[in-house]
Amino acid sequence: MKAALDYAPNGALLGSSYARSPFQLGLWTYNALADKPRKGLNKWLFNSFASAPITISQVSPETRVKVATNLLQNYGYFRGNVDYQLVDQRRPQKKKIEYDVNLGQPYLFDSIRYAFPEEQDSLIHVTKEEPYIRRGSQFSTLNLTNEKTRIVNSFRNNGYYYYRPDYVRYFADSTNIPYRVTLLVAPDLDMPEKANRKFYFGTVSAYIRQNMRSEEGRMRRQNRTTNIYDDSLMERSIKVAYQGKKMPIVPRVLFKNFKFWRRRVYDQSKVDQTLTNLHSMDIFSNIKFSFIPRDTTSVNDTLDVRLDLTMDQLLDVEANFNITQKSNAQIGPNLGLTFSKRNAFRHGETLSVGLKGSYEWQTRTQFGAPKRIDSYELGADISLSYPWIAFPWLNKRFYKYPTWTKFRLSADQLNRANYYRLMSFIAEATYGFQTSRSWKHELSPLTISYNKMQETTERFDSIMRHNQALFAALDDRFIPAMQYSIIYDNVWNKRIAHSMHFEGTVKESGNLLNLTNKFLGFDYYEKDKKLLWTPYSQFLKFVCTLKNTFHLTAKTSLATRVQLGGIWTYGNSDWAPYSELFYIGGANSVRAFAVRSIGPGRYRDKDGDGSYLDRSGDMKLELNAEYRFPIIQEIQGALFLDAGNVWLMHGEDYIEGGKLGDGGFFNTLAVGTGFGIRYDLTYLLLRLDLGIGIHAPYDTGKSSYLNISKFKDAVAFHFAIGYPF
């Protein structure tokens, strides 16, 4: 209704239909210069600032009332009506439009009957998708349209290629029972005969063209040979014609994505799955299926398939640059470059090489250091990604949903001012696949990380001498790990008012290696056994995240998140690696506190010696709730409440109050609230949040639950891109 009736007035504030700016610069300029000659300064002022006035005739309230009344009927308010009146203002040349909407009682479906041939009728009732209309539901033309689409989809997925929504007719009686609609759903008697005929897939042929923006493509355009193919071959009884000196992609890789074959009943869902898989390869700029009847006789039941593919430009370059200023007096730029070649070896894979670098210098000397020590980071990685399962025996299987594989090698040189210089290496293989539209799985059967501490400062060493766990966490370590993640996401289902995202991850390190060492004669419980002269970590880690979005109205929602994580070290390790520990705070966490500014537990670094280094824990709990609502047009608002902390699992006294249970569970939760503004650009969401601390988990000198004494100490601003969860 608002979409039909809203119209931005003169001087609308951010496009609002009711809020106006107090400064009507455009209208004032127009009124002052409209009747004056358009020359010189007058012309420039008029063209630059003037806005033509919006009149009642432009808004056309009579037409809008008719559109709104039709909308009421489309949603079952057959006796509803919309009217308007002009409201006088203080100045006679101004008017307001006031609309009066009377809904009336809605009409509901009383009975629904389908009258289709026996086989088609059974398809309507056995489809997995629930009907959009049912007895007792409110009349809606939108649901009637969706029900037509559901019926036709069930037919087209079972051979009825030529069936169209226009061939489904509705016959409704709204007069027999007050405020009730009796509905008959039946086929159109005038539809063509072939719509009721089942069809089968016939021969399949594929035609692969060069990219028209490539050098060869430009030459073909000049010579008018864009539709001429240089060679062809037969693969699995499929003809493949291509342009160029050799086949652009290995045929068996291309046909991994096919979900239908000849002499199978036509199935639109199989065609859609094939299209999705081909698009996911990300090497084609254009993909088109054509289905051609083998002959035009009334007994023909075969559709020959033609697939037209156009290769994309396969070389990509991505650059990222920004400047960061931190609260620890560090400022500097960072740059990232990624070069990617898609279809690098004609198997649909993507070869990527990334380079990154950052440099931060101190704007003031800290901690009484005799000289300034600047921070920098240099890194490089190379990865190879496949749009299928690159593993023996598994790569030949036909999966219903897209799959992927990624192999990656990376190296980083990290220098932290006044602390340490560290070199790290990572090698990993990750496989991803889906078992349904909502369930996804990711498996990393092997991830090897190696951290090498190259140099430390006296300041860093003094911290390590007082913190045994932190010293062990940052010590030289191999991390031979396996990881599995399961993800559930039903956001795609727009028919439900409650969307949910769940992600659970389990990671283990060192267990297989420790078991191998036992067979080699080593003591299973011996500490600090080594791999390539370096101790390896042994732990079990889990992280669970549950996000819920409750759509309260069309434009308001309540979003919640619960995240729970823990890491348990045993066997060859007493302490978890620093890179695996949990931390909290920041723009996407507890927003009343900065990143790594709270925890573990009730611990607080009073003299500043630990900085952010010792603000990590073995366990994490985070709770978030956010109410999202519209303000004006693309501007949205949010009210939020966050809570959480990290804790240590071991009971050593090197960090006072860091263990779970020290000081009571609820007292160790950091709690904050606040509000935020979001500006939705459709492709990008800008977010500004103001977090206000309610309770700090450490001792602030106040005994009450609201224990942050100064308001300025309780406030944190965060500017970010995208929703926090």
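Predicted model: local features only at pLDDT ≥ 70, side-chain atom pairs only at ≥ 80, totals over all residues.
**Charges over rings.** I then checked Arg38, whose charged end lies over the ring of Phe46, 3.7 Å from the centre.

**Aromatic pairs.** Next I counted ring pairs and got 36 aromatic pairs. I took Phe258 and Trp261 as one example: the ring centres are 5.8 Å apart and the planes stand at 25°, so I noted this pair as stacked. The cut-off for stacked is planes under 30 degrees apart. The cut-off for buried is under 20%.

**Helix H10.** I turned to H10, which runs over residues 268-280 and has 13 residues. From first C-alpha to last I get 18 Å, close to the 18 Å expected at 1.5 Å a residue.

Which residues of H10 are buried? I list Gln268, Val271, Gln273, Thr274, Asn277 and Leu278. I then looked up what covers these buried residues, and the elements include helices H7 (141-156) and H9 (251-255). Strands S6 (200-209), S9 (284-293) and S10 (302-311) are also among the covering elements.

Last, I checked the backbone past the end of the helix. Just after H10, Asp282 has a positive phi of about 60°.

Notes
Residues numbered from 1 in each chain as written. Heavy atoms only, no water. Helix = DSSP H or I, 4+ residues; strand = E, 2+ residues; numbered from the N terminus. Expected span 1.5 Å × (residues − 1). Buried < 20%, exposed > 50% of the residue type's maximum accessible area, 1.4 Å probe, protein only. Contact = heavy atoms within 4.5 Å. Phe/Tyr/Trp six-rings, centres within 6.5 Å; stacked < 30°, edge-to-face > 60°. Lys NZ or Arg CZ within 6 Å of the ring centre and 35° of its normal.
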